[in-house]
Amino acid sequence: MQNVIPAFRITNYSSSKEFYVKGLGFKVDWEHRFEPDFPVFAQLTRDEMTLYLTEHSGDCQFGGLIHLFVPNVDDWYSEFMGNPLIDPIEPPDEQIEGLRMMNITDPDGNQLRICTRI
């Protein structure tokens, strides 16, 4: 069970949702707005990893970094290859001792470091 849920600040929920759902394979668990045209706060999940996306300016700043630990980062890389929503993408490497990882940046400059412990 995940005990901490990171939040990323976003500017455009429509483009972020496309990136996370069609690009990275997350699913939207729920979306909340106080009124129909108000900023969104949403929860997305993939493989029991949950994150929040928020358009609310007071929640957090742009440019966050999270680490997602997965069983095989190379499988994720293969899945994302050729997906124009996840471009550019570089192959996983082992720049940090004990981790094989790749970095992906969302449309708002938030970074996802997808890692496998080695």
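The model is predicted: local features need pLDDT of at least 70, side-chain atom pairs count only at pLDDT 80 or more, and totals for chains, interfaces and linings use all residues. Residues are numbered from 1 along each chain as its sequence is written, and side-chain values use heavy atoms, with hydrogens and water left out.

**Exercise 1.** Find the salt-bridge partner of E31 and say which elements the pair ties together.

Step 1. Start with the rule: a salt bridge is a side-chain nitrogen of Lys or Arg within 4 Å of a carboxyl oxygen of Asp or Glu.

Step 2. Apply it. E31 pairs with K17, and their closest N and O atoms are 3.2 Å apart.

Step 3. E31 lies in strand 2 (residues 27-32) and K17 in helix 1 (residues 13-23), so the bridge ties together parts 14 residues apart in sequence. Helices (H or I, at least four residues) and strands (E, at least two) are DSSP runs, numbered from the N terminus.

Step 4. Check accessibility. Buried means under 20% relative accessible area, exposed over 50%, and partly exposed in between (1.4 Å probe, protein chains only). E31 is partly exposed at 37%. K17 is partly exposed too, at 32%.

**Exercise 2.** How many salt bridges are there?

Step 1. The count is seven.

Step 2. Take D29 and K27, whose side chains meet at 2.5 Å, N to O. D29 is partly exposed at 26%.

Step 3. Take R100 and E94, with closest N and O atoms 3.4 Å apart. R100 has 21% relative accessibility, and E94 has 48%.

Step 4. Look for shared partners. They join K17, E31 and R33 into one network.

**Exercise 3.** Is T45 buried or exposed, and what does T45 touch?

Step 1. Locate T45 in strand 3 (residues 41-46).

Step 2. T45 is buried, with a relative accessible area of 15%.

Step 3. List its contacts (heavy atoms within 4.5 Å). Leaving out residues up to four places away in sequence, T45 touches F26, K27, D29 and T50.

Step 4. Look at the side chains. Those of T45 and T50 make a polar contact at 3.0 Å. Such a contact is a pair of N or O atoms within 3.5 Å; within protein, one must be able to donate a hydrogen and the other to accept it, and residues adjacent in sequence count only if both atoms are side-chain atoms.
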